[in-house]
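Biologist: I'd like a close look at one strand and its partner. After that, carry on to the wider picture.

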Amino acid sequence: MSATDPRTDPTTPEIASEMLEPKRQNPAQTGQAGQQQDVSAKPDATMLPRSGLTVTLQALKAFYGDVEQVKGIDLEFRSSEVTAIIGPSGCGKSTMIRCINRMHEEIPGARAEGKVLLDELDVYDPSIDVVAVRRAIGMVFQKPNPFPTMSVFDNVAAGLRLSSGKAGDLEHRVESALRGAGLWDEVSDRLSEPGAGLSGGQQQRLCIARSLAVEPEVILMDEPCSALDPIATLKIEELIDQLKRRVTIVIVTHNMQQAARVADRTAFMLGGELVEVGATEKIFTTPEDSRTEEYVTGKFG
Amino acid sequence: MSTEANAGRAAGLTGAQGRQHFQQQLAELEARALGTLDVVVEQLDRTLEALAHQDVELAQMVIADDDRVDGRYLEVHQGILSLLATQAPVAGDLRLVAALLHVIVHVERMGDQCVNIAKLIPLSGYEPPVRPEVLETILKMGAHARSEVVQCKASFSGRDIALAEDLARQDREINRLNREIFNTALEIGDDPDTREWAMHMILVARALERIGDNAVDVGEQVAFVVTGLFREFSDQANSLDA
Amino acid sequence: MSTPTHSLQRFELTSARRRKDRLARGSIVAATVVALIPLALIVYYLLSKGLGSWSWNFFTTDPTGNTFFAKQSIGGVKSAILGTIEIVALAALLAVPIGVGVAVWLVEYGRDGRFAQLVRFFVDVLTGVPSIMFGLFVYIVLIAGTGSSYAAYKGSFALALLMLPVVTRSAEVVLMLVPAALRESALALGAPRWKVIARIVLPTALPGLVTGVLLAIARAAGETAPLLFTAAATFKTSFSLSGFMNSLPVQIYNDVTSPTTAVVNRAWGAALALVSMILLLNLFARLVSRRSSIG
């Protein structure tokens with residue numbers, strides 16, 4: 001193990017990728033961690049076998065009662081990558097990502113068919129505990145919603161306390177998560193103040209910290225910046241860029257410029273179907289499908 | 001294309017109606033850029049006529065009129081910057097804008113080549129020792145160059161890759177003629193005035209050959225706009241230039 | 001009517017408009033005053049007739065049952081006050097957990113299902129049932145039917161039945177006000193549903209729940225009819241819930257018809273005491289809800 005444990009070292013930098021590593025540090029790679037890590041330390045030193053997991057959708061369908069909203073999707077979200085889902089309103093992109101962490105079925109009358117593989121494991125398998133799935137696949141919503149009765153600290157710790165896992169070593173895990181979300185400097189002196197007292201952008205980062213605290217492998221983001229001002233949006237985009245090394249990120253967005261800035265791969269959905277998926281650069285310079293071309297150039301949507 | 005586009009429309013959306021203002025701006029920009037090729041053709045015609053009749057005044061007009069080409073260049077350039085900043089074009093639109101940027105540079109160069117030719121005309125004096133066969137070859141080259149310019153414009157506005165690739169074939173002819181002029185000039189004889197005129201003709205030929213190359217370059221942009229891939233059309237590197 | 005010659009004329013405040021405004025204002029104020037008059041009168045009578053009976057004795061001695069001999073002390077209403085507190089406390093203990101539980105089920109699990117709609121319907125019906133019915137029901141089931149005696153806890157039952165639909169209704173409303181987004185976030189963190197309810201939904205709804213409960217208690221405290229058939233009054237202070245117990249409404253009921261003036265005055269004093277207790281409870285409910293409106 002490294003001589004300087006990031007959990008207790010107060011000068012540990014805020015680079016997200018380092019913050020979640022103490023629990024899973026790979027002994028084979030700590031050779032260079034024998035000394036103090038400085039701010040410019042390469043995050044890759046903490047790369048470890050389970051850095052984010054690949055999520056694969058196989059023939060995924062989603063229904064609201066009898067209405068088929070998602071019509072059979074095969075799609076892969078690769079680890080340590082950001083994948084953006086774009087498409088016009090009503091195309092099913094939000095429904096689809098809610099199937100990934102099995103939130104879709106919480107709606108009365110809603111159901112899903114097909115497989116969602118987290119690495120090799122089908123999360124829809126009847127023997128799987130849905131609560132454990134949601135611990136591994138976190139979600140950030142469009143409108144920042146910190147728990148109103150809780151302080152900043154309690155909000156971040158909420159995930160740990162609410163889910164079935166052990167909640168040991170709370171303070172350090174909360175600090176890690178807040179650093180991971182790039183929020184520590186701004187709130188370290190107000191941990192006991194109500195979470196709802198922060199600005200919109202800070203609240204959203206608080207929600208991200210809350211999700212990070214349970215150390216998920218995947219984070220789903222459903223239009224996380226659409227309620228925020230441009231500066232807050234930029235901060236979160238930078239954050240996503242840092243987080244992706246540790247966590248597979250899937251982001252649904254209406255804003256194509258955002259998808260272009262933030263995502264490694266982009267998938268275009270239309271009418272519940274997957275039209276095209278590919279490297280973001282390709283989708284925005286030379287898309288293959290004419291529907292994709294029409295959508296990204298703004299001819300509809 | 002139509003069934004897929006219809007699927008897009010069937011998804012409850014308005015079809016090719018979005019961003020009309022932007023599409024209009026883009027179309028106008030393309031028209032301005034391609035329209036400059038018409039100006040270049042005019043310039044080329046006048047240049048060749050000035051060459052044929054040793055018309056110094058016509059040559060002066062060509063030199064003065066290059067300001068029009070330069071003006072168009074600045075105009076289109078500014079239009080491109082404005083479009084990039086305000087509309088953030090992507091995909092096909094982005095490729096078109098990038099291509100127009102290249103095109104307008106090539107067109108401006110063509111204009112400059114005409115000026116180069118025009119500048120050479122007064123240097124030969126009012127009664128140069130013209131060798132008819134050389135002049136004829138030059139004028140043939142000029143005709144080819146003119147046809148290439150016209151064709152590159154047609155290929156771009158029609159997004160016709162086949163037409164664009166044909167330019168490479170035509171360009172080989174110009175290159176051949178260029179080599180011919182060069183070889184003829186080498187053996188033109190001992191008279192210093194004749195030799196001087198022949199040197200000028202070599203330079204004229206080279207300028208015409210450059211116009212051809214620029215037209216081929218415009219054709220390459222056509223392929224880029226359509227396919228997103230950029231490749232060199234001809235083996236220009238292999239032609240024996242002066 | 002008149003076409004404005006100058007564009008600014010259409011902004012002008014005409015005298016017709018002014019008159020209409022004054023008329024409307026006037027009628028609303030008048031209505032308010034009319035509504036307030038009975039309220040003011042009640043308060044006035046309560047104060048003027050009741051305040052006079054208040055004394056240290058009034059609050060610290062039990063009624064003695066001597067109502068015909070004015071010379072002897074008639075006693076105070078201590079047992080009634082304590083009795084009301086005991087009976088209502090037990091009723092609350094019974095009604096609140098069940099009421100909140102039903103509300104939680106309705107909002108979190110039943111939602112729009114057929115059974116849930118049925119439950120809601122019946123809860124609504126029960127809020128309108130006259131309070132005497134609850135008293136009669138408990139009387140028939142627990143007293144006349146089984147041959148056992150009146151008891152305080154049976155009065156509590158009756159009051160609990162009265163409170164139940166009220167608590168359920170107000171709790172349901174408050175729980176529905178908790179934004180769905182909060183539940184979603186909690187679920188998405190990997191929390192089992194019961195924890196979401198217990199740790200997130202209920203704490204968020206707590207101020208509203210407390211307010212609702214306090215108001216239900218305030219209402220139950222003033223009900224006379226259920227207690228008449230179930231608790232039976234006694235004069236002595238009692239702490240045994242299985243025996244007879246006095247209560248303020250019953251005490252008032254009995255005293256008001258007495259020929260002795262002092263006793264009647266005592267009734268007014270008791271009424272004032274009851275109203276004051278309810279007032280305090282209401283104020284407390286307000287404080288709680290105002291203090292905890294976060295976000």
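Biologist: In S7(A), which residue is the bridge partner of A:Gly138?

Modeller: The bridge partner of A:Gly138 in S7(A) is A:Ile219. This is a predicted model, where local features need pLDDT of at least 70 and side-chain atom pairs count only at pLDDT 80 or more, while totals for chains, interfaces and linings use all residues. Residues are numbered from 1 along each chain as its sequence is written, with chains lettered from A and ligands numbered from 1 in the order in which they are written.

A:Gly138 belongs to S6(A), residues 137-140. Four bridges join this strand to S7(A), residues 218-222, and the two run parallel. (Strands pair if DSSP finds at least two bridges between them.) S6(A) is covered on both faces. A:Ile137 and A:Met139 lie on one side, A:Gly138 and A:Val140 on the other, and all are buried. (Buried means 20 or more other C-beta atoms within 10 Å of a residue's own, exposed 12 or fewer, partly exposed in between; C-beta atoms are placed from the backbone.)

Now the whole of chain A. It has 11 helices and 10 strands. (These are DSSP runs numbered from the N terminus: H or I of at least four residues for helices, E of at least two for strands.) Of its 301 residues, 51% are buried. Among contacts in chain A with a separation of 6 or more, 71% link residues 24 or more positions apart. (Contact means C-beta atoms, placed from the backbone, within 7 Å.)

Chain A also touches chain C. That contact takes 26 residues from chain A and 20 from chain C. On the chain C side, H7 (180-188) and H8 are the elements that give two or more residues. H7(C) gives the largest share, seven residues. This side divides into 11 nonpolar, four polar and five charged residues. (Nonpolar covers Ala, Val, Leu, Ile, Met, Phe, Trp, Tyr, Cys and Pro; charged covers Asp, Glu, Lys and Arg; the others, Gly among them, are polar.)

H8(C), residues 193-221, also packs on H11(C), residues 261-291. The angle is about 175°, with the axes 9 Å apart. (Axes are lines fitted to C-alpha atoms, for helices over the stretch in contact; angles run from 0 to 180 degrees between N-to-C directions.) The two helices are therefore roughly antiparallel, a term for angles over 145 degrees. Residues that meet there include C:Leu214 and C:Ile217 in H8(C), and C:Leu281 and C:Phe284 in H11(C). The residues of this contact divide into 13 nonpolar, four polar and no charged.

Notes:
Parallel < 35°, antiparallel > 145°, perpendicular 65-115°, else oblique. Contact = placed C-beta atoms within 7 Å.
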